[in-house]
There are 2 protein chains.
Amino acid sequence: MTRHRLLSLTIGLTTMVAGTGLAQAASSNEPIQPVVKAKPQNAAVVELGKKLYFDPRLSKSGFISCNSCHNLSMGGTDNLKTSVGHNWHQGPINAPTVLNSSMNLAQFWDGRAADLKAQAGGPIANPGEMAFTHELAVDVLQSIPAYVAEFKSAFGSDKVDIDKVTKAIAAFEETLVTPDSRFDKWLKGDKKALNKEELAGYKLFKDSGCTACHNGPAVGGNSFQKFGVVEPYKTTNPAEGRIAVTGKDADRFYFKVPTLRNVELTYPYFHDGEAATLKDAVNTMGRLQLGKQFTDEENSKIVAFLKTLTGKQPSFQLPLLPPSSDKTPRPQPFN
Amino acid sequence: MTRHRLLSLTIGLTTMVAGTGLAQAASSNEPIQPVVKAKPQNAAVVELGKKLYFDPRLSKSGFISCNSCHNLSMGGTDNLKTSVGHNWHQGPINAPTVLNSSMNLAQFWDGRAADLKAQAGGPIANPGEMAFTHELAVDVLQSIPAYVAEFKSAFGSDKVDIDKVTKAIAAFEETLVTPDSRFDKWLKGDKKALNKEELAGYKLFKDSGCTACHNGPAVGGNSFQKFGVVEPYKTTNPAEGRIAVTGKDADRFYFKVPTLRNVELTYPYFHDGEAATLKDAVNTMGRLQLGKQFTDEENSKIVAFLKTLTGKQPSFQLPLLPPSSDKTPRPQPFN
């Protein structure tokens, strides 16, 4: 596409949205778009999914739930380099945030799950995570009368199966978006929402090329990119990224670009969790991906901008889980 | 006290409450009293305590919070025989429910903590539980600006110390009472709140002598009693109860009588968690404590009554935890 055609297209798009008011027009030329509020879903399915998300009975031990590693009190992460799994297994990779994960082009760092539903089944059956099986998890749920009633009202059938379980968890996760960050307010036309330093940080973020990968409403999550473009990334973590899915050598060390939404809350950073602070992460990304050594002042500005990406966190009542029945298979944490 | 004096006292008490209406009068002769709603406390202290209760940064690993083993989605317990601690340590004893624990005469099965504040510091520093130290936990909190601000508004000082931490957690825990169970409605005069079987179960519960220990508003929690009165209790669990606190041989195998409030939710039962179901627990208690072998029908009635003790569970928004700062010491789950 020539620069002229691109310009025409941009003008055309700008004209198209002109009727929808200043707010959208203001953001239409930006590489980042505001997070859109979650659309109302089937409430019964979402409520069921919320309970399942918090229920450690989906693990062999009865101790680990989805929320253990994607903790909604903590930006949808566990804030650990890599997660703690069954029998204190040390996880192989940093747990990505569940917040806004519905916007990802695929799930997991290597994109091996096409969507949230496909992802949700993974940890349940992973021996180093929840260490259960889909069959046993379903047996547990099927033995709990109040769950069976909820499956019935959510799906019209009281037969529990893993398809319904993961569908419900995914439906809940789709509600976990974080609109109304200060940056989004700015995008929508509230020019006072950011201060001078934050705006300078945003300009630097764009001008330095960060938005080449961190763009769209999730500020990432929409492409796989090589980690270590200008310089290789040195880590003891053995993960090789997308090659594990495609088998193609060209995909070695390609990872899904993480969202930067709520990045203030989702430390530590990178697939190995080795960057403890935003300052470290910005410094490393500048050097390795862009060949830039940001000054402390530049780094501070970019970090100040990144902190404006913290949106309204999902807010809901702590779910109350239905009790097991006498027939429910008991958790086995220690054998 | 002679029977005559006791009778006079009872009549006197009954007369005293006569003016407060039918509801109280109806329950004044019962060995169990309704749970009283939590009194409003200092809201800033309670809110801070709620966050601390859910914050895994009070553990060395950054993975275990108070709520891990006293899960408020699950009756304030972990529903495990004994808990999972740091490095997957197998806990020595069943985690008692935090619900209504403010009514206990002391905390822990052996009563070694005088109150909730004294209890709260225990697991933080227990190497097999949260495996941290009070000093390190305070260092973490002191490094988090939003916590410091909350300590300031709750206590008037931005100096974090373990005294304030445990005071706040205890203040939150004091709100975790469960009024309005069906049984309490019945106690307050709603005679339709229980069905025939449940009422028969309550009568049997009293007539069999269960109320000798399980009485008061918490239906327990107000005395230490020997486990295995008529027959010794056989268990591989090495806990010896109150003797660990008093050093007196007479206190061997004396444990705090657990509350039966919400007992439907707080399985498995006994200090070793070896009774998986209420049926098992009622059967064992009948034999060992009262020398009674309940028939299946009697057992069912008592269980039906016990399930009417499930009260209104604490209901609140999942707390959002303030993020760590660059200066916050990082969790150490694996070393």
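Trp88(B) sits in the loop between helix H4 (66-69) and helix H5 (116-125) of chain B. Its phi is positive, about 65°, although Trp88(B) is not a glycine. The model is predicted. In it, chain A and chain B bury about 3800 Å² between them.

**Interface**

- The contact involves 46 residues of chain A and 46 residues of chain B.
- Of the roughly 3800 Å² buried between chain A and chain B, 66% is on carbon and sulfur atoms.
- On the chain A side, the most area is lost to chain B by Phe63(A), Trp88(A) and Phe334(A), which together make up 23% of what that side buries.
- The side of chain A that touches chain B has 23 nonpolar, 18 polar and 5 charged residues.
- Between chain A and chain B, the salt bridge count is 0.
- Polar contacts do cross the interface of chain A and chain B: 17 residue pairs, both partners at pLDDT 80 or more.

**Backbone: positive phi**

- Most residues other than glycine have a negative phi, and most peptide bonds are trans.
- Trp88(B), with phi about 65°, has a relative accessibility of 6%, so Trp88(B) counts as buried.
- Ala131(A) also has a positive phi, near 60°, and is a residue other than glycine.
- Ala131(A) lies in the loop between helix H5 (116-125) and helix H6 (134-142) of chain A.
- Ala131(A) has 18% relative accessibility and counts as buried, because the cut-off is under 20%.

**Backbone: cis peptide bonds**

- In chain A, the peptide bond from Tyr267(A) to Pro268(A) is cis, with omega near -10°.
- Pro268(A) belongs to the loop between strand E2 (254-256) and helix H12 (278-290) of chain A.
- In chain B, Tyr267(B) and Pro268(B) are joined by a cis peptide bond, with omega about -10°.
- The loop between strand E2 (254-256) and helix H12 (278-290) of chain B holds Pro268(B).

Terms used:
Residues numbered from 1 in each chain as written. Chains lettered and ligands numbered in written order. Predicted model: local features only at pLDDT ≥ 70, side-chain atom pairs only at ≥ 80, totals over all residues. Heavy atoms only, no water. Contact = heavy atoms within 4.5 Å. Buried area = accessible area lost by both parts, 1.4 Å probe. Salt bridge = Lys/Arg side-chain N within 4 Å of Asp/Glu carboxyl O. Polar contact = N/O pair within 3.5 Å; in protein donor to acceptor, adjacent residues only side chain to side chain. Nonpolar A, V, L, I, M, F, W, Y, C, P; charged D, E, K, R; others polar. Helix = DSSP H or I, 4+ residues; strand = E, 2+ residues; numbered from the N terminus. Buried < 20%, exposed > 50% of the residue type's maximum accessible area, 1.4 Å probe, protein only.
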